[in-house]
Amino acid sequence: MGKNVSAIQGSILMMNTMFGVGVLYLPLIYYSLGWVQGLVLFAMIAAVTTLTMYLLGVAAIESEDPHPTYYSVCVRSFRFMGPLADFTTLLCCFFCCMAYLTFITNTVHCEIKQAVPKAAITVAAAFLVFLLAVQKDLSSLRIASFVSVSSIVYLACFVAYVFLVNRGNVTVVKFNKGYSTGLSGLLFALGCQQNMVAVYSQLKDNSRSGVLKVAIGAVLMGGLLYMAIGLFGYFGFGEAATTNILKVLTDDSSSVRKMLLERGAANEYAIRACDWLFIVTLSCSFAFQSHPARTALTNILKQFVGVKKEVLASNRYRYIATSAYVALICVIACFEFDCDTIVSYIGATCNNAICYIMPALAFIGLVKRSTILRPIAYAVVLLGVAGMIYMVAMNIMK
């Protein structure tokens with residue numbers, strides 16, 4: 001694996017891991033929390049995301065493994081964390097990819113006016129995302145990552161346009177009490193740490209300063225886009241921001257869609273561009289989630305099944321494992337699960353564990369010397385566990 005990724009390229013790769021279905025729920029997050037409280041909590045979680053990315057990168061450095069993985073870093077910090085990290089990563093990435101494929105299917109089905117059965121669209125989409133997911137490493141997806149970022153920039157610009165033309169017709173609140181939806185949505189949207197070790201392994205400058213540049217760059221660039229989409233979306237949609245962005249823009253009964261169409265036929269094409277460009281983003285996000293999932297599956301097969309290392313390193317295995325992974329997601333996605341529920345529970349549990357709790361624990365286990373970051377890492381673990389319990393309880397009670 002070559003070390004050919006610059007800090008800015010690493011930030012963009014991490015930012016693409018961040019992008020996904022969670023982007024579509026950003027206006028709903030601000031609706032659930034209120035725009036002032038949502039902005040404060042967004043800034044806090046973004047800061048913790050930067051911190052845990054850095055903690056995980058430092059833990060990878062301290063592991064002294066020439067080719068570290070998320071698993072190897074976890075198992076060298078606390079032995080029990082290795083298998084736990086693999087199973088949690090596989091579960092989280094699997095359900096994220098299932099949500100992505102479901103969204104792609106629903107969006108295409110809407111765009112072609114329901115002319116083709118959803119199952120056929122799901123199978124076709126699964127084949128296309130497989131072509132990205134089967135790539136050997138993240139550096140192979142650099143071009144796709146730039147296309148994905150461009151798609152998100154377009155979405156942010158269109159949401160800002162909706163705000164400009166509709167801001168006088170909506171009502172927003174500063175504070176609200178939808179903490180289970182808002183917090184789990186923020187964790188799901190900002191989480192990307194599962195690929196931090198993979199990106200670190202390919203950095204030209206894999207020192208602590210290089211890791212910090214990647215973490216800050218990813219959260220700063222992604223965070224600014226997220227804030228634009230979330231705030232402008234809420235201010236532009238108002239009380240219509242009770243679901244995801246694409247549903248607000250494409251549902252014929254949506255007041256926002258009716259308003260846009262009344263302003264000219266060009267808005268119909270702009271909305272359709274949002275749909276197709278976000279399909280591109282989700283296709284790239286599927287690939288970025290598939291890589292840590294395949295790595296986790298490889299570790300599980302090696303540790304618990306005893307498959308030989310040379311078999312797991314072969315191209316044949318990569319194609320078979322990716323095919324099986326995508327095929328299983330495709331079959332389950334045909335049953336049309338509720339993506340809102342998936343996002344809510346995955347954000348509260350698996351995503352919380354992988355992206356916040358485990359990176360802090362890895363740092364605690366590998367960096368033994370006294371540092372100001374150790375008590376902060378302990379605090380992240382405690383807050384992550386408490387938040388998980390609270391969000392799961394609130395989701396069950398809803």
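Which residues does Tyr30 touch, not counting residues up to four places away in sequence?

**Entry 1: Tyr30.** I looked up the contacts of Tyr30 and found Trp35, Gly38, Leu39, Phe42, Met227, Gly230, Leu231 and Tyr234. A contact here means heavy atoms within 4.5 Å. I noted that this is a predicted model, in which local features need pLDDT of at least 70 and side-chain atom pairs count only at pLDDT 80 or more, while totals for chains, interfaces and linings use all residues. Residues are numbered from 1 along each chain as its sequence is written, and side-chain values use heavy atoms, with hydrogens and water left out.

I placed Tyr30 in helix H2 (residues 26-33). Helices are DSSP runs of H or I with at least four residues, strands are runs of E with at least two, and both are numbered from the N terminus. Tyr30 has a relative accessible area of 0% and is therefore buried. Buried means under 20% relative accessible area, exposed over 50%, and partly exposed in between, with a 1.4 Å probe and protein chains only. I also checked Phe235, which is 205 residues from Tyr30 along the chain; their C-alpha atoms are separated by 9.3 Å.

**Entry 2: the whole chain.** I counted 18 helices and zero strands. Of the 398 residues, 57% count as buried. Among contacts between residues at least 6 apart in sequence, 85% join residues at least 24 apart.

**Entry 3: helix H1.** I then turned to H1, which covers residues 7-18. Nine of its twelve residues are buried, so H1 is largely enclosed by the rest of the structure. The buried residues include Gly10, Ile12, Leu13 and Met18. Among the elements that cover them are helix H3 (35-62), helix H10 (208-237) and helix H13 (266-305).

**Entry 4: two loop residues.** Most residues other than glycine have a negative phi. I found that Glu64, which is not a glycine, has a positive phi of about 55 degrees. Glu64 sits in the loop between H3 and helix H4 (70-77) and, at 69% relative accessibility, counts as exposed. Lys113 likewise has a positive phi, near 60 degrees. I located Lys113 in the loop between helix H5 (81-111) and helix H6 (118-133), and its 62% relative accessibility makes Lys113 exposed.

Definitions and conventions: The expected span of a helix is 1.5 Å times one less than its number of residues.
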